[in-house]
Amino acid sequence: MIAESITTLNPAHREAWDAGRVADPENLGDGLWSVPLELPGDRMPGSYAYVIDGADGVHIIDPGWNSDANMGRIVDLLTGLGRAVDEVSTVVVTHHHPDHLGLAERLRSASGAHVILSAVERRVIDAAVSVGARDDVSYRDVLDRWEVPVDRQAELIAAFTAPSLIEYVMPDAEVADGDVLVLGGRRLTVIATPGHTSGHICLADRERRMIFTGDHVLPRIHSGAGLGILVGDDPLGDLLASLERLAEFDDCQVLPGHEFRFTGLGQRRAQIAAHHLRRTRVVASLSNELGDASVWEWSKHLPWTAGWANLRGFRLHSALRQTEMHRDLVRSGRAEKWLSRG
Ligand SMILES: [Zn+2]
C-alpha cells in the first residue's frame, strides 16, 4: 500500500466533498475560478466547473451535470463578477460523460458559446447516436462473447440499460493532441489522455504550471478505464500510457473534475498505475493455467473485494469488463513493460 503523498490545496473543498456538501466557488487567481457543482445519485457528491473570466469573454471547462441548481451556481458566479451568461464564449469539455458535458447545451443556447470536444469524443457521440448506446441486442453479443451463463444474463442486461453515460451534445469545434486553446490570456495545451474514455483530454497551462485533468487523474478515486463505447482494443493499456504521458507536468497544480485540487501528480500517477497493475499481475500469473478460458471463467479466478459469488448487476458487469481489459492487456504484450518495473 502506497501512503497518501499528495498535498490537498483546498482543505475546505475536501471536507465538503467528504461530507457530501457542495462548497462555495474558489478564486484561483488571474480570472480563474473553480465552481463546485452537484451530482445527483449516490455515486459521487459533485464535480467542478472551471471558469475563466477573460477580456475575450468567459470560458468554462467541464460545465457539469445539467440541473437548474448547477446552472444557478454558474450564473451566480458570473453575476458576482459583473458578467452575464451570454458572455460565455467557450465551453471546453474533457470527455463526454454527463457529469462534465451535461450543461454544455444549455450554456450554448443561452450564449452562443462554442462547445469544444476532442475529435475522438465527437466520434463516440456520433456512434452512440447512430447505434444507440443502450442497444441491448449488441450487449447480448458481448455477454455471449464473455460466455456468461444464460441464467445470469438478465440481471446484467437490466444493469446495462440503466441511464446511459452518453450525453448527446455535438461540438462546434474539435481539438486533438498538441492543439493550443488561448482562453482569457491562458495558453491551454490539449493533452490526449485516452483510457477513462477513448477521447479524454487534459488541458495544460504550461506557463502557470497548472493542469486540468478531468477524470484522468483524481486525488483519491480510481475513475476506471474503458467507460463508454468505442473504447479501443486496449483501454487499460491506453490509460497506463496516458498516466506516463503526464510526467512532464508532475510539478503542476492539478485541477481535477472531482474531489479537490492538489499537488503530487507524480505520486498519484504511480498510485493509480499500481492499483491497476495489481490485478494485471494476477492475470499474468494465471495466463498459463487459464489460457483461452472465457472472460466469465477468468473472472472467477480473480480477487474481488466483495467476493466473486456476491457480485450482482452492475458490479458483476464491471468485474467482467475489468477481467477482459486486464486479460487483453496481458495478451497484447503491452503489460510486460509496466509489470517489469516493479
Ligand atoms: Zn466524472
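Which helix supplies the largest share of the lining of the second largest pocket? The largest share, eight residues, comes from α9.

## Basis of the report

This is a predicted model, in which local features need pLDDT of at least 70, side-chain atom pairs count only at pLDDT 80 or more, and totals for chains, interfaces and linings use all residues. Residues are numbered from 1 along each chain as its sequence is written, and side-chain values use heavy atoms, with hydrogens and water left out.

## The second largest pocket

The second largest pocket holds about 280 Å³ of space. A pocket is an open set of points on a 1 Å grid over the protein atoms alone, where a 1.4 Å probe fits, with protein on both sides within 12 Å along at least five of seven lines; lining residues have an atom within 4 Å of a point. The volume is the space filled by probe spheres set on the points, which are joined across faces, edges and corners.

Of the 14 lining residues, A270, A273, A274, L277 and W338 are the closest to the centre. Both α8 (235-245) and α9 (265-290) supply at least two lining residues each; helices are DSSP runs (H or I, at least four residues) and strands likewise (E, at least two), numbered from the N terminus.

## The sheet

Seven strands form an open sheet in the order β2-β3-β4-β5-β6-β7-β8, with mixed pairing. Two strands pair if DSSP finds at least two bridges between them. The edge strands, β2 (26-29) and β8 (173-175), each pair on one side only. Strand β3 (residues 32-38) runs antiparallel to β2, with three bridges joining the pair; W33 in β3 is the bridge partner of N27.
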